[in-house]
Amino acid sequence: MQPRLETEEVIVNLGPQHPSTHGVFRMILRLEHEVITEAIPVVGYLHRGLEKLAEVRTYTQIIPYTDRLDYLAAMLNNLGYVQAVEKLAGIEVPERAEYIRVICAELSRIASHLLFVATFAMDVGAITGFMYPFRDRERVLDLLEMVSGSRLTVSYMRVGGVAEDLPEEFLPALKKFLDDLPACIDEYNGLITGNEIFQARTKYVGRLDPQVAINYGISGPVLRASGVYYDLRKLRPYGIYDRFDFEVPLGKNGDCFDRFVVRIKEIEQSARIIRQAVEQLPEGPVMGKVPKVLRPPKGAEVYHEIEGAKGVLGYYLVSDGSNRPYRMHVRAPSFINLGLINEMVRGWKVADVIAILGSIDICLGEVDR
Amino acid sequence: MADSQLVAQIKEKFADVEVDAEQRLVVSPDQLPGLMKELRDTFGFDFLSNLTAVDYPEYFEVVYHPCRIRDAAMVTVKTRADKKRPRVPSVCGLWGAANWQEREVYDLFGIVFEGHPDLRRIFLEDDFPGHPLRKSFPLAEQREYVGG
């Protein structure tokens, strides 16, 4: 007798200890054959209650905590936070510090995107492709270490400026890195972007409609890959971003491939901004006048957004007149970008789930806070 | 942040909306859905950037930051919920972005969003006692150790 073959729904648990989830993210996948019918995302494994912890720390003491949000682009988290506090307390930042901030923030963006390029290549099976961007990212981290003493958790920015002036060896090393970068990008394009298997795995996979993306609050490279021009550095310039000449790379199809290419192009644009910032870098102090004890006015509140590496990074601060925030909230781009994951992976195969999740580029430190 | 002209136009349509010194709109929970729909459909605020809450001694405040993709304009909308039985209408039907953010506020503040399609905790486990971002929730060092 022939055994009867029936279609059976299979439930597969992906994560939280799975390398392709880039941290401790878990998805419960309902499968029909190999096709996803539903993905139930589970987050919170890395929830440390950062917002609660901030309520019992002074404004300056919170800076190291912001490093631990998106730890792959800590400078950007520092920047968003200190700018929010500066707005809250009305503090001026010296010119030189503004330029140093831009240099470091864009370096951080490059580091984050390089990590994305590397891990995304590995997500779709290119182990060699993983090595090259990682090699170059290490150089960026060396630069960040020069200014801050730390590769990842930099805590370099301060309310009113930055912790220290640039060390002597920084600018020559930065120049060398920027000179080498175009050749490195050519290498990634040759090795990964132009690879036939890579393109087969990513082109037209996980297409994201721009209207849906906007409705779900998706931001950053993921939104821009769907062709939506939304970059706060251009549309709502903060700090001194209005002084630089750069482009906002956009995608057309909103697929995994576009999300990849947009980030590579953003690396080039960030390098362009850094070059201009180095050229214009003025002399002068790196710290403004900041009171010893920072007490923003009672009842003051501020919501400040910057363009982070993963998307719109916002800080909401409420002051009660003491030296600690009454409330701090972080609008974490990874968290909100992940909100659409079920819709994005539904109908795709298991292997595509890895590619789609990888292409969103989440950082769990920021998702879970 | 929001320009005063825009806020004046909104005020014209919604007479009950309070506007504070920094052009932030304060609205009662039952008026919230109407105002938000107007903001999205007439004023083009298609991108709900941020949604969060604050625990004040007398009330909970839910804060919304809708934005506009075309020029990145932003308005601040606030609504107040009762301390004992905090309930606010959900804006999930207008912006998908509200889904996870309302779940986060529900998880950490215990504010119920009426009409939310899937109001479950998001960060903490389902049987976690209390809502940690409430001011009444003690920090670890203030809590009694109950472990074995």
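This is a predicted model: local features need pLDDT of at least 70, side-chain atom pairs count only at pLDDT 80 or more; totals for chains, interfaces and linings use all residues.
**The chain as a whole**
- Chain A has 15 helices and 8 strands.
- Its radius of gyration is 21 Å, and a compact globule of 369 residues would come out near 21 Å, so the two agree.
- Along the principal axes, the C-alpha atoms of chain A fill a box of roughly 85 × 45 × 35 Å.
- Buried residues make up 52% of the 369 in chain A.
- Among contacts in chain A with a separation of 6 or more, 72% come from residues 24 or more positions apart.

**How H4 and H5 are arranged**
- H4 spans residues 95-123 of chain A and H5 spans residues 127-148 of chain A; their axes come within 8 Å and cross at roughly 160°.
- Because angles over 145 degrees count as roughly antiparallel, H4(A) is roughly antiparallel to H5(A).

**Who meets whom**
- On the H4(A) side, the residues that meet H5(A) include Cys104(A), Leu107(A), Ile110(A), Leu114(A), Thr119(A) and Met122(A).
- On the H5(A) side, the residues that meet H4(A) include Gly129(A), Phe130(A), Phe134(A), Asp136(A), Arg137(A) and Val147(A).
- Taken together, the residues of this H4(A) and H5(A) contact divide into 19 nonpolar, 2 polar and 2 charged.

Notes
Residues are numbered from 1 along each chain as its sequence is written. Chains are lettered from A and ligands numbered from 1 in the order in which they are written. Axes are lines fitted to C-alpha atoms, for helices over the stretch in contact, and angles run from 0 to 180 degrees between N-to-C directions. Helices (H or I, at least four residues) and strands (E, at least two) are DSSP runs, numbered from the N terminus. Angles under 35 degrees count as roughly parallel, over 145 as roughly antiparallel, 65 to 115 as roughly perpendicular and the rest as oblique. Two residues are in contact if their C-beta atoms, placed from the backbone, lie within 7 Å. Ala, Val, Leu, Ile, Met, Phe, Trp, Tyr, Cys and Pro count as nonpolar, Asp, Glu, Lys and Arg as charged, and the others, Gly among them, as polar. The radius of gyration is taken over C-alpha atoms; the globule rule is 2.2 Å times the number of residues to the power 0.38. A residue is buried if 20 or more other C-beta atoms lie within 10 Å of its own, exposed if 12 or fewer, and partly exposed in between; C-beta atoms are placed from the backbone.
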